[in-house]
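Please keep the sequence and the coordinates at hand while reading.

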Amino acid sequence: MMKSDIGLIGLGTMGAMLALNIAEKGFKVSVFNRTTKTTREFSETAGPLSEMITPCESLEDLIATSKKPRAIILMVPAGTTVDEQIAALRPLLDNEDMIIDAGNANFHDTNRRAAEAVSAGTHFLGIGVSGGEEGARHGPSIMVGGSEASWNRVSHILVAISAKYDATPCATWMGEGGAGHFVKTVHNGIEYADMQMIAEIYGVMRDGMKLNTTECSEIFAGWNTGPLQSYLTGISAKVLAAKDHKTGQPMLDIIVDRAGQKGTGRWTAIEAQHLAAAIPVIEAAVTARNLSAQLEMRQNGENLFGSAPTILPEGSLSVDNLEAALIAGKVLCYTQGFALLSAANPVFGWSLPLPEIAKVWRKGCIIRSSMLNDMASALSQSPDRNLMFAPFFTNILNSNHNALRKVVATGITYGLPLPALASALSYFDMMRTSRSTANMIQAQRDFFGAHSFERFDEDGAHHGPWGSH
Ligand code: 6PG
């Protein structure tokens with residue numbers, strides 16, 4: 001029997017789709033799932049691709065049927081399950097064999113696992129895979145972390161299964177250790193922010209303008225042919241158009257307004273704070289999810305304070321204002337994500353390839369959007385320049401920030417919560433204010449703690465004439 005080119009453990013939705021994708025691209029794949037029934041059902045339903053799939057009922061089987069040096073993909077829940085799986089697998093593997101964690105791992109865990117692999121003389125890659133079920137099956141965006149030599153060993157497979165933008169594969173090596181999972185984490189932070197801003201604009205349409213779901217869907221579908229063209233704009237149009245089979249009602253009206261989260265957005269916010277990187281739009285999006293989960297508390301709040309009079313007076317905002325606000329918000333949220341990637345480099349000893357990251361995100365992943373091609377061009381010219389200052393995006397912001405202000409100001413006036421869009425606007429305003437108010441902070445710090453301050457007219461550390469206080 002011909003041995004498999006690669007092994008895969010974990011036949012949940014993502015693992016199963018990835019295995020079919022690998023098989024379809026002409027690679028033999030050995031698969032194993034903790035529950036044997038799942039493995040059997042998977043191979044029985046793989047159709048013609050089953051020729052390329054070797055179902056294994058034990059880890060020993062998986063090892064025995066895989067070509068040496070082996071590469072085994074783990075697609076199991078992030079966290080302790082990954083460590084348990086590695087512990088079960090390692091004693092069965094040769095030193096040259098490689099484990100590839102393709103789940104949504106915390107990059108700190110990946111850094112640790114990569115270091116453990118190095119000290120044990122073995123091989124480990126941590127790869128971020130984006131695109132959901134559809135992406136895993138037909139071409140995800142793949143962000144790879146680990147040694148370059150390990151990447152080179154499996155790049156032909158990962159490139160083959162990845163999405164292609166024109167002919168360019170959306171699979172790239174990001175750097176050592178947890179670099180791939182860090183990039184995936186930031187991807188998810190941007191995903192949270194983009195989703196939240198879309199939800200806020202939907203709220204303005206639904207509550208402020210009293211548009212029905214069909215009207216909202218048509219607007220989003222129209223936007224999806226312009227500068228806002230993106231996967232998330234497209235699916236928003238689709239979910240707005242969907243009707244519940246049971247009641248015939250718009251699906252969105254049936255769905256409870258309590259958002260779930262597996263934590264990657266939160267990790268992005270936590271890392272940004274560690275790195276002192278400003279990502280307020282992403283932070284606002286995480287906060288909004290946290291607050292959305294407090295449904296009962298929000299209901300109590302409405303009982304106590306009354307709901308805000310959210311209906312906007314006729315003509316306060318146009319649909320074009322909403323589109324322009326979303327364009328500005330989107331530029332600012334991606335800007336913050338890229339700035340966070342840049343801030344990580346000196347701290348983690350990486351050289352994250354920002355233009356390549358923008359390219360890898362152009363197809364296959366959840367945040368794919370036509371803007372990313374322009375971001376890739378801007379970052380190629382100057383990778384560490386904040387995207388706001390790249391002429392192409394400066395122009396976009398100059399054309400759209402007034403609409404963002406109008407939408408946020410109107411929302412605030414009438415009680416429509418727009419936390420992510422408002423954060424984008426405050427970031428924009430702070431970023432164009434040369435004389436900020438932090439002189440007051442410095443004076444206060446010096447007053448109560450003698451922390452010192454700088455003066456405009458003299459070098460060195462200074463103290464104020466605060467006297468005895
Ligand atoms: C992707 C998604 C994917 C998953 C997130 C959802 O890139 O394909 O980001 O990884 O949908 O884990 O995360 P939350 O459950 O936190 O929303």
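What covers the buried residues of helix 4? The model examined here is a predicted one, in which local features need pLDDT of at least 70 and side-chain atom pairs count only at pLDDT 80 or more, while totals for chains, interfaces and linings use all residues. Residues are numbered from 1 along each chain as its sequence is written, and side-chain values use heavy atoms, with hydrogens and water left out.

Helices (H or I, at least four residues) and strands (E, at least two) are DSSP runs, numbered from the N terminus. A residue is called buried under 20% relative accessible area, exposed over 50% and partly exposed in between (1.4 Å probe, protein chains only). Contact means heavy atoms within 4.5 Å. The cover over the buried residues of helix 4 includes strand 1, helix 3 (59–64), strand 4, strand 5 (98–101), helix 5 and strand 6 (123–130). The buried residues in question include Val-82, Gln-85, Ile-86 and Leu-89. They lie on the same side of helix 4 because they cover an arc of only 100 degrees around the axis, the arc being that of the directions from the helix axis to the C-beta atoms. Thr-80, Glu-84 and Ala-87, on the other side of helix 4, are exposed.

The loop between strand 4 (71–74) and helix 4 (80–89) contains Pro-77, an exposed residue with a relative accessible area of 55%. Although 187 residues separate Pro-77 from Thr-264 along the chain, their C-alpha atoms are 13 Å apart. Another proline, Pro-69, is located in the loop between helix 3 and strand 4. The peptide bond leading from Lys-68 to Pro-69 is cis, and its omega is near -15 degrees.

Two strands pair if DSSP finds at least two bridges between them. Strand 1 (residues 6–9) and strand 2 run parallel and are joined by four bridges, with Gly-7 opposite Ser-30 in strand 2. Strand 2 and strand 3 (residues 53–56) also run parallel, again with four bridges, and here Val-29 stands opposite Ile-53 in strand 3. Within strand 2 (residues 29–32), Val-29 and Val-31 point one way, whereas Ser-30 and Phe-32 point the other way; all of these residues are buried.

A right-handed β-α-β unit is made by strand 1, helix 1 (residues 13–24) and strand 2. Strand 2, helix 2 (residues 36–44) and strand 3 make a right-handed unit of this kind as well. A crossover is right-handed if, with the strands pointing away from the viewer, the path from the first strand over the helix to the second runs clockwise.

Just after helix 12, Ala-276 takes a positive phi of about 55 degrees. Asp-166 has a phi near 50 degrees, a positive value in a residue other than glycine. Asp-166 is in the loop between strand 8 (164–165) and strand 9 (168–169) and is exposed, with a relative accessible area of 70%. For Ala-450, phi is likewise positive and near 50 degrees; Ala-450 is placed in the segment after helix 20 (438–449).

The C-alpha atoms fill a box of roughly 80 × 65 × 45 Å along the principal axes. Of the 469 residues, 51% count as buried. Of the contacts with a separation of 6 or more, 68% are between residues 24 or more positions apart. The accessible surface amounts to about 21600 Å², with 55% belonging to carbon and sulfur atoms; accessible areas come from the Shrake-Rupley method with a 1.4 Å probe, and for residues only the protein chains shown count as cover.
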